[in-house]
Amino acid sequence: MRSEELGETLLPKRLALPIFASDPLSSVAYATEEILLVLTVGGTAFLYLTPWIAAGVVALMAVVVLSYRQVVHAYPGGGGSYEVVTQNLGAKSGLVVAASLMVDYVMTVAVSVASGVDNIISAFPGIGAARVPMACAFVALLAAMNLRGVRESGKAFAAPTYMFIFGILLMVVTGFIKMAFGHTPVASSAHYAIMPTDHNGTLAGIALLMLGLKAFASGCTALTGVEAISNGVPAFRAPKSRNAATTMAVMGITAVVMFIGITALALVAKVHKTSDTCQLVGYPGDCHTASQPTVIAQLASSIFGGDHSFLFYFIQAATALVLILAANTAFNGFPLLGSILAQHRYLPRQFHTRGDRLAFSNGIIALAVVNILLLWGYKANVSNLIHLYILGVFTSFTLSQIGMVRHWNEVLANESDSSVRAQAQRSRVINAFGACTTGLVLVIVMATKFLEGAWLAVLAAIVLFTMMRGIRRHYDAVAEELTVDDPHAEAVRPSKVHGIVLVSKVHKPTLRALGYAEAFRPDTLEAVSVAVEKEGIDELKEQWNEFDIRVPLKVLDSPYREITKPVVAYVRSVRRTSPRDAVAVFIPEYVVGHWWEHFLHNQSALWLKSRLLFTPGVMVISVPWQLSSAPRADHPARRGPGAVRRGEPEAKNRGKEREQIEAPENV
């Protein structure tokens, strides 16, 4: 796609919702499950806390959505939390948010894909052994689809997201209708007792409070990805801010309704879910190898008449698809954030460039590679991965809301219009409340999850922060070094150019290199060879005289049979003798057509170039010779002017050149 076609990739709200909101929408599939997994530490004794914890999650979701709607309107240029914090709290705070968000995006892909694979295994338990290869394959597929471009990936992901929303709402409505008519659904795990792990469920006081807070922190996974819309405002169609804010409101309402419905049905159906299958008393089969069905699977089975009904498989398919595709939120957010960071010189410049389909290809590929390694290392286990999750989210939530409060303070200090001031004051109250709430949740998450694995996420964020500051220092130092202070002083020409052609024997590549070197018209020109074997040097000298080559030949002694060191030492000696002269080193090289041929040719040239490039005042010039195996090596345009392929008459070559000029469309 041409750069001018970028406008055609902008998204309407119906596509923006599945692209940017699939993560928070799909999080409801496992948020309830994470709450139950924590509370079953006391058997069934503490499940009564579930409604209160769910209410806290819902209230927090409402606060965050309202807060980020203010961000969307105030900063329509994208960047979300990073842009807000950088503008209002400084570059270092912005980098903290950026590092936290990048860790969170990575974890979003890992947790979503692993959870999706769990739902597939719940429907087909026999494929449990293929968990890790399946997860890695899904990440690779997502990367490939996103490399096709934002709009194309949005079309592919829209149907599964809407199918999931429809399926969950259908399940919730059907479940409540059955309850109204006296047919309360009963989960398959309802008749299993749970073996407590907390000394027979006698937690009280501070211990009970910590258990509740830990369950609340786990349930907050429902909020992951909420900030993605604020990061991707530039991808919306105009009016961008209004469309993004509307999409965020729809996302929040839909996610809250689904989360409340799933949690209520899980309590009514008495779903029992534990982190260890062996805690289920009466569980048939080998509890050490068997995996429990997910909460969604148990509800669908109890509401739709068993685990072989059509609607059961529909719900499982929709849930698995949307969980896997929820990683698409990260595949859009991570490359976009990476592009902004690269533009600010905190990441390599390659992250800022778009690929041939106008997607940020390097960011997509980097995210996919890291996640494949992560899923492989953690065996695609959601319980192990979830502890590394949501820490980065609430770091960015908290700092961005503090930044927004400062933003509104500046607006109020400089604004005299009463209506604008009233709106700014309302927004400041919302963001201040959001900052206090998310800051409290951040403390809770840190306290309850740090020792269980969240410290790895903190460490990763610190490493990213340090790395990005180092990259910025490097780019700043290079920019300062390359800045032109005095054009006349910087553009001083060398007094002379000393040309050196490296030769090993007299053959066509050598003769071409000599011809190119003479065409450059250096002040002095010589051929240099290294005496590794006496017989070879004698043969070279004999051929040099036989062909009457006018360029003088200099032979460097090499008692230890090395090539690189004598050449580098000689070139440096030339520079020392005439510091104001420039040295141009011409190296003949083969161009090969097969990957394995690289191991058979050009190794000496590669080492020589790598050493000579570090020598000031030395220019290294490669003179290619295309072997017959090189792609289209018989095309004159690929071999250079005047090049004649081995065994090809010169007249025939001139005929091809005339043909190329007469038919330029064939080039």
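This is a predicted model: local features need pLDDT of at least 70, side-chain atom pairs count only at pLDDT 80 or more; totals for chains, interfaces and linings use all residues.
Let's begin with helix α5, which covers residues 91–123, 33 residues in all. From its first C-alpha to its last it reaches 48 Å, close to the 48 Å expected at 1.5 Å a residue. Of those 33 residues, 29 are buried, so α5 is largely enclosed by the rest of the structure.

Is Glu526 buried or exposed? Glu526 is buried, and yet has no salt bridge. The nearest side chain of opposite charge belongs to Lys554, 5.7 Å away, whereas the cut-off for a salt bridge is 4 Å. Leaving aside residues up to four places away in sequence, Glu526 touches several neighbours, including His498, Val551, Lys554 and Tyr570.

Now to the backbone. As a reminder, most residues other than glycine have a negative phi, and most peptide bonds are trans. Here, though, a cis peptide bond joins Ala238 and Pro239, with omega about -5°. Pro239 sits in the loop between α9 (228–231) and α10 (240–268).

Where do we find Lys379, with its positive phi near 60°? Lys379 is in the loop between α13 (361–377) and α14 (382–385). With a relative accessible area of 55%, Lys379 is exposed.

Arg521 also has a positive phi, about 55°, and is not a glycine. Arg521 lies in the loop between α18 (508–519) and β4, and at 73% relative accessibility Arg521 counts as exposed.

Key. Residues are numbered from 1 along each chain as its sequence is written. Side-chain values use heavy atoms; hydrogens and water are left out. Helices (H or I, at least four residues) and strands (E, at least two) are DSSP runs, numbered from the N terminus. The expected span of a helix is 1.5 Å times one less than its number of residues. Buried means under 20% relative accessible area, exposed over 50%, partly exposed in between (1.4 Å probe, protein chains only). Lys and Arg count as positive and Asp and Glu as negative; His and the chain ends are not counted. Contact means heavy atoms within 4.5 Å.
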